Amino acid sequence: MRVCVIGGGVIGLFSAWYLVRSGHEVCLVDRNNFNEGASHGNAGMICPSHFTPLAAPGVIRQSLKWMFDSGSPFYIKPRFDPDFIRWGLQFFRKANRRHVKASIGPLSALLQWSSSLYRDLAEEGMDLSLSQRGIIMACKGQHTLDEESHIAGQAAGIGIRTRILSSGEIHDLNPGVRFKLTGGVHYLDDMHLVPEKLITSLKADLSGKAEMLSGIEVTGFHRENDRIDRALTQAGEIRADFFVLAGGAWTGKLARMAGEYAAIEPGKGYNITIPEANPQLSTPLILVEDRVAITPMDQALRLGGTMELSGINDLVLTRRVTGILRAIESCLPDFGMDQTSVLKPWFGFRPLSPTGLPVIAPLGRLRNVMINAGHGMLGLSLAPASGKLLNQLIADHVRGVA
Ligand SMILES: Cc1cc2nc3c(=O)[nH]c(=O)nc-3n(C[C@H](O)[C@H](O)[C@H](O)COP(=O)(O)OP(=O)(O)OC[C@H]3O[C@@H](n4cnc5c(N)ncnc54)[C@H](O)[C@@H]3O)c2cc1C
């Protein structure tokens, strides 16, 4: 079967990768050179530790507190946009304990499956710079450490290994770096990699096995009742038996072009990369109070975070970037403003679904279109399992439809 995958981020690439392995003829289309999306500059963390969906009870309270502060870790730009309001209402309905309880099992299973697939890829020799030193949820205050320790207890209940660390033990795991922290929780099964290397390796592996169309934007579809038979582009039409929409934060737009609705909102985040960090961290950290991630990537160190719901735009809000750097300076004085102020921030858009769970499913009433999107803050972590699951669902769907 000929399958056209639209979107060449980590989700589209892994979708294509498993489809090729199942013997399908695959055409992968990206409007840039597979380097525009969130998959390129993200924090590189693979986190089975993040087993609760974003749509959770505390998030609404916290976001209302932060809503009008553009320097806070989570910022919503007030705006009248019917799609955003519809998305917001769906999110609001899901932000409850029942949803969290129902989501932990499937989300955790997908995360753990993905982690084992990454380990397999590294063992097969794929160049990812995969490191299995875990990730530390680092806490400035005792109250936060108590909360994180409680979550660690829940994690143990679903088979995730953790260890509570004192400030000294965090230092032992990162010799040569100074910390101002109370302690943390070490998630031993978390990992990290260099996202740019992953993308390059997947692209290299696919070239020759799949048709890779870069610099081509899908601008519409030709729909006949409940089927799409062509994707329309300025460079001509792309015919296929099956279509996969993996356009990240742009997937809602693609769905509309196909005459359907998909609730995906962009959640902007920023990163700064110090190319040669000295001293260097050995184990990645997440500063819990400030929601900032710090990841060593070979010689480089990537610092980033924040969630901004302001639509898709190119604006860099300096206050938000400064907020990240101040948070780092307060806990890791070696990586303060002096080292980072000259570096240019990168930003990307997390594709957020209102449930906080990825959407890997048929699109609306269409019989030959599936969506693989909405992975939010966990797209890198979830990508291999999402690609493999999509591949299985397509096989089942085609059998059911035929
Ligand atoms: C600051 C930041 C840090 C993050 N850190 C982590 C982390 O540590 N761990 C983790 O698991 N996740 C992390 N994420 C989330 C993760 O990066 C995303 O969930 C993931 O990259 C989404 O992948 P994607 O393939 O769905 O989308 P993208 O990577 O955005 O790719 C979508 C692609 O589709 C293409 N496209 C869109 N429309 C069209 C069209 N019409 N025609 C052709 N092509 C089109 C785009 O050009 C783009 O290349 C982070 C995100 C951010 C912003």
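Reply: Three strands make up an open sheet, in the order 10-11-12, with antiparallel pairing. Strands here are DSSP runs of E with at least two residues, helices are runs of H or I with at least four, and both are numbered from the N terminus. Two strands count as paired if DSSP finds at least two bridges between them. In general, strands of a sheet pair through backbone hydrogen bonds, either parallel or antiparallel.

Strand 10 (218-224) and strand 12 (236-239) are the edges: each has a single partner strand, so one side of each has no neighbour in the sheet. From one strand to the next, the twist averages 30 degrees, an angle between N-to-C directions of lines fitted to C-alpha atoms, on a scale from 0 to 180 degrees. Strand 11 (residues 227-233) and strand 12 run antiparallel and are joined by four bridges. For L232, the bridge partner in strand 12 is E237.

A word on the model: it is predicted, so local features need pLDDT of at least 70 and side-chain atom pairs count only at pLDDT 80 or more, while totals for chains, interfaces and linings use all residues. Residues are numbered from 1 along each chain as its sequence is written, and side-chain values use heavy atoms, with hydrogens and water left out.

Now for the ligand. Around it are 36 residues, of which D30, E36, S39, G376 and S381 come nearest; to be near, a residue needs a heavy atom within 4 Å. The shell divides into 16 nonpolar, 15 polar and five charged residues. Strand 18 (346-352) is among the elements that supply at least two residues of this shell, as are helix 1 (10-21) and helix 12 (379-401). Strand 18 gives the most, with four residues.

Some polar atoms sit within reach of the ligand, too. A polar side-chain atom of N42 is 3.2 Å from a ligand oxygen, and a polar backbone atom of L380 is 3.1 Å from a ligand oxygen. With M377, a backbone N or O atom lies 2.9 Å from a ligand nitrogen. The ligand taken alone exposes 1000 Å², and the protein buries 97% of that; such areas come from the Shrake-Rupley method with a 1.4 Å probe.

One last stop is H375, in the loop between strand 20 (369-373) and helix 12. H375 counts as buried because its relative accessibility is 5%, and buried means under 20%. Its side chain makes a polar contact with the side chain of S386 at 2.9 Å, that is, a pair of N or O atoms within 3.5 Å, one able to donate a hydrogen and the other to accept it.

Notes. Ala, Val, Leu, Ile, Met, Phe, Trp, Tyr, Cys and Pro count as nonpolar, Asp, Glu, Lys and Arg as charged, and the others, Gly among them, as polar. Buried means under 20% relative accessible area, exposed over 50%, partly exposed in between (1.4 Å probe, protein chains only).
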